[in-house]
Amino acid sequence: MKLQHIGIAVKNIKERLKIWRDVLGLHFEMIEDVPQQKVRVAVLDIGGLKIELLEALEEGSTIATFIEKKGEGLHHLCLEVEDIEDMLLKLKQQGVKLIDEVPREGASGKKIAFIHPRDMGGVLIELTQK
Ligand code: ZN
């Protein structure tokens with residue numbers, strides 16, 4: 001297992017890229033709209049770890065609501081696991097509160113699932129499969 005990426009909720013990806021990419025010099029990988037999640041995602045690479053900048057595509061979407069409540073900031077950590085279904089089952093058996101009991105499709109067609117922050121120290125955790 002590894003920390004695959006860190007998701008950061010931002011109001012405006014273009015503005016934030018000026019710092020993350022142009023000033024800090026992180027390698028820019030791609031920008032993509034994920035309409036199912038009503039989010040625009042920019043991916044930057046920092047030594048194999050990715051930084052995801054997340055901008056809401058619509059009012060009332062998850063990212064828009066997050067920014068409204070908390071402002072821009074750390075949104076989630078993503079852990080890459082060998083077998084996402086197996087991990088979800090294990091978590092469920094332990095009574096961990098899940099947002100997704102079955103994986104859904106994330107950016108680039110990868111299988112992803114979210115674990116509710118309640119049992120995770122207040123941090124939203126995304127699981128992705130290798
Ligand atoms: Zn993510």
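Visitor: Why does E72 count as partly exposed?

Guide: The relative accessibility of E72 is 31%. Buried means under 20% relative accessible area, exposed means over 50%, and partly exposed lies in between, with a 1.4 Å probe and protein chains only. E72 therefore counts as partly exposed at 31%. R16 also has 31% relative accessibility and so counts as partly exposed.

Visitor: On what basis are such values given?

Guide: This is a predicted model, in which local features need pLDDT of at least 70 and side-chain atom pairs count only at pLDDT 80 or more, while totals for chains, interfaces and linings use all residues. Residues are numbered from 1 along each chain as its sequence is written, and side-chain values use heavy atoms, with hydrogens and water left out.

Visitor: What makes the pair of E72 and R16 a salt bridge?

Guide: A salt bridge is a side-chain nitrogen of Lys or Arg within 4 Å of a carboxyl oxygen of Asp or Glu. The closest N and O atoms of E72 and R16 are 2.9 Å apart, and the pair forms a salt bridge. E72 lies in the loop between α2 (62–70) and β5, and R16 in helix α1 (residues 13–20), so the pair ties together parts that are 56 residues apart in sequence.

Visitor: How many salt bridges does the structure hold, and which residues are linked in a network of them?

Guide: The structure holds 13 salt bridges. E29, D45 and K50 are linked in a network. Another salt bridge joins R40 to D33, with the closest N and O atoms 2.7 Å apart. R40 counts as partly exposed because its relative accessibility is 27%, and D33 counts as partly exposed because its value is 37%.

Visitor: What is the N to O distance in the salt bridge of E82 and K130?

Guide: The side chains of E82 and K130 meet at 3.3 Å, N to O. This pair links distant parts of the chain, with E82 in the loop between β5 and α3 (84–93) and K130 in the segment after β8 (124–129), 48 residues apart. Both E82 and K130 are exposed.

Visitor: Which residues coordinate the zinc ion?

Guide: Donors are N, O and S atoms within 2.8 Å of the metal (3.2 Å for Na, K and Ca); water is not among the atoms, so sites may look incomplete. H5 (NE2), E52 (OE), H76 (NE2) and E126 (OE) coordinate the zinc ion at 2.0 to 2.4 Å. H5 in strand β1 (residues 2–9) and H76 in strand β5 (residues 73–81) link distant parts of the chain, 71 residues apart. Both H5 and H76 are buried. The spacing of the donor residues in sequence is H-x46-E-x23-H-x49-E.

Visitor: What makes the site of the zinc ion irregular?

Guide: Four donors count as tetrahedral if all angles lie between 85 and 135 degrees; four count as square planar and six as octahedral if opposite donors are over 155 degrees apart and all others between 65 and 115; anything else is irregular. The angles among the four donor atoms of the zinc ion are 87 to 170°, and the site is irregular.

Visitor: How do you know whether T128 is buried or exposed?

Guide: T128 counts as buried because its relative accessibility is 3%. T128 lies in strand β8. Contact means heavy atoms within 4.5 Å. Leaving aside neighbours within four places in sequence, T128 is in contact with several residues, among them Q4, C78, I84 and K110.

Visitor: How does M30 stand by the accessibility rule?

Guide: M30 is partly exposed because its relative accessible area is 27%. M30 is placed in strand β2 (residues 27–34). Leaving aside neighbours within four places in sequence, M30 is in contact with V41, A42, V43 and S108.

Visitor: How many helices and strands are in the protein chain?

Guide: Helices (H or I, at least four residues) and strands (E, at least two) are DSSP runs, numbered from the N terminus. The protein chain has three helices and eight strands. From the N terminus on, the elements run β-α-β-β-β-α-β-α-β-β-β.

Visitor: Why does the radius of gyration of the protein chain agree with a compact globule?

Guide: The radius of gyration is taken over C-alpha atoms, and the globule rule is 2.2 Å times the number of residues to the power 0.38. With 130 residues, a compact globule would have a radius near 14 Å; the protein chain has 15 Å, which agrees. Buried residues make up 38% of the 130 residues.
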